[in-house]
Amino acid sequence: MASRQEPWTKLAHSKKSPGWVAYNPKTMRPKPLGDGTAHMKILSYNVNGLTNVSSGQFSALAQRENFDVLCLQETHLKEGDVKDFKELIAGYDHSYWSCSVARLEYSGTGVISRVKPISVQYGIGTAEHDQEGRVITLEFDNFYLVNAYVPNSGRGLKRLVYRVDDWDPCFSDFVEKLESFKPVIVAGDLNCACQEMDIHNPAAKADDAGFTVEERESFEINFTMRGFVDTFRKQHPKAVGYTFWGENQRRNNKGWRLDYFLASGSIIDRVHDSYILPDVTHSDHSPIGLVLKI
């Protein structure tokens with residue numbers, strides 16, 4: 001039975017199917033890898049404004065999770081603000097930031113790492129899509145890590161056509177090109193709940209950004225059909241776990257899953273764990289994590 005302290009352990013879905021269970025990280029995560037197995041631990045977190053989370057809270061998260069890389073979305077930083085966050089977490093000496101220039105204090109991504117990457121790329125190489133600081137790509141020895149904050153379709157779906165006809169195919173082409181050199185992990189807020197089990201009330205959200213048939217079909221065409229695997233869903237095919245909640249809805253576990261790790265087919269078997277941290281509540285999103293054997 002779910003407790004008030006752990007509401008995510010209650011199965012909250014308006015169209016429950018047989019076999020579905022509520023995701024509980026305390027019981028559903030595998031045992032940690034031993035020191036003898038080389039691996040990298042990656043966290044991804046939409047912070048809904050970096051100033052919403054204090055440096056002390058980030059340090060506590062790093063101490064608790066012992067991650068190697070932290071991918072951030074929706075930082076809301078201006079370029080002039082970056083210097084104040086370069087040393088956000090002690091011991092994580094490498095940080096990379098991309099800020100929106102089209103609209104200040106909007107969108108934005110960042111990566112904080114204790115492992116120095118081989119190379120770093122900002123954007124996807126298309127001026128039309130690279131004005132809002134939405135993508136940072138780090139190259140490591142064995143894979144690329146793409147941190148992405150995908151644009152949503154906006155109020156009234158005013159950007160739906162841009163999202164599904166322009167952004168999604170261009171971003172997918174960018175990722176697929178990377179994959180021709182090394183395996184790819186995509187991390188971030190992809191602003192799409194790709195299956196009905198990722199939406200606690202599918203009928204009520206059918207016409208809202210992130211939940212439309214068009215967006216879900218685009219996700220299928222541009223990622224799933226191109227061989228990219230939703231790591232959480234592969235590990236937990238029947239688990240209902242959310243990463244984003246509306247106002248005051250976390251306590252009822254009425255949420256949506258908009259944040260993902262996607263792995264190219266050539267690296268999916270090296271994923272040891274893909275998980276959600278629903279008890280981290282500094283943002284309206286929760287962090288997600290990935291443990292990758294390297």
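Glutamate 220 is partly exposed, with a relative accessible area of 38% (partly exposed lies between buried, under 20%, and exposed, over 50%, with a 1.4 Å probe and protein chains only). The model is predicted, and local features need pLDDT of at least 70, side-chain atom pairs count only at pLDDT 80 or more, and totals for chains, interfaces and linings use all residues. Residues are numbered from 1 along each chain as its sequence is written, and side-chain values use heavy atoms, with hydrogens and water left out.

Glutamate 220 belongs to helix H5 (residues 213-222) (helices are DSSP runs of H or I with at least four residues, strands are runs of E with at least two, and both are numbered from the N terminus). On the surface, Asp207, Glu214, Glu217 and Glu220 form a patch of negative charge (patch residues have over 30% relative accessible area and no salt bridge, and like charges are joined within 9 Å).

Strand E3 (residues 69-73) is mostly covered, with 5 of its 5 residues buried. In a regular strand the side chains alternate between the two faces of the sheet. Val69, Cys71 and Gln73 point one way from E3, Leu70 and Leu72 point the other way, and all are buried. Strand E2 (residues 39-46) runs parallel to E3 and is joined to E3 by 5 bridges (strands pair if DSSP finds at least two bridges between them); isoleucine 42 has valine 69 in E3 as its bridge partner.

E2 also pairs with E16 in the antiparallel sense, over 6 bridges, and leucine 43 stands opposite glycine 289 in E16. Strand E16 (residues 288-293) is mostly covered, 5 of its 6 residues being buried. Strand E15 (residues 271-276) runs antiparallel to E16, with 5 bridges between them, and tyrosine 275 has glycine 289 as its bridge partner in E16.

The count of salt bridges comes to 20 (a side-chain nitrogen of Lys or Arg within 4 Å of a carboxyl oxygen of Asp or Glu). Glutamate 65 forms one with lysine 41, the closest N and O atoms being 3.5 Å apart. Glutamate 65 lies in helix H2 (residues 55-65) and lysine 41 in strand E2, so the pair ties together parts that are 24 residues apart in sequence. Glutamate 65 is buried at 6% relative accessible area, and lysine 41 is buried at 15%. Lys41, Arg64, Glu65 and Asp279 are linked in a network of salt bridges.

Lysine 78 forms a salt bridge with aspartate 81, with the closest N and O atoms 3.6 Å apart, and another with glutamate 105 at 3.0 Å, N to O.

Definitions and conventions:
Patches are made of residues with over 30% relative accessible area and no salt bridge: like charges are joined within 9 Å, nonpolar side chains (Val, Leu, Ile, Met, Phe, Trp, Tyr) within 5 Å. Accessible areas come from the Shrake-Rupley method with a 1.4 Å probe; for residues, only the protein chains shown count as cover. Lys and Arg count as positive and Asp and Glu as negative; His and the chain ends are not counted. The place of a charge is taken as NZ of Lys, CZ of Arg, CG of Asp or CD of Glu.
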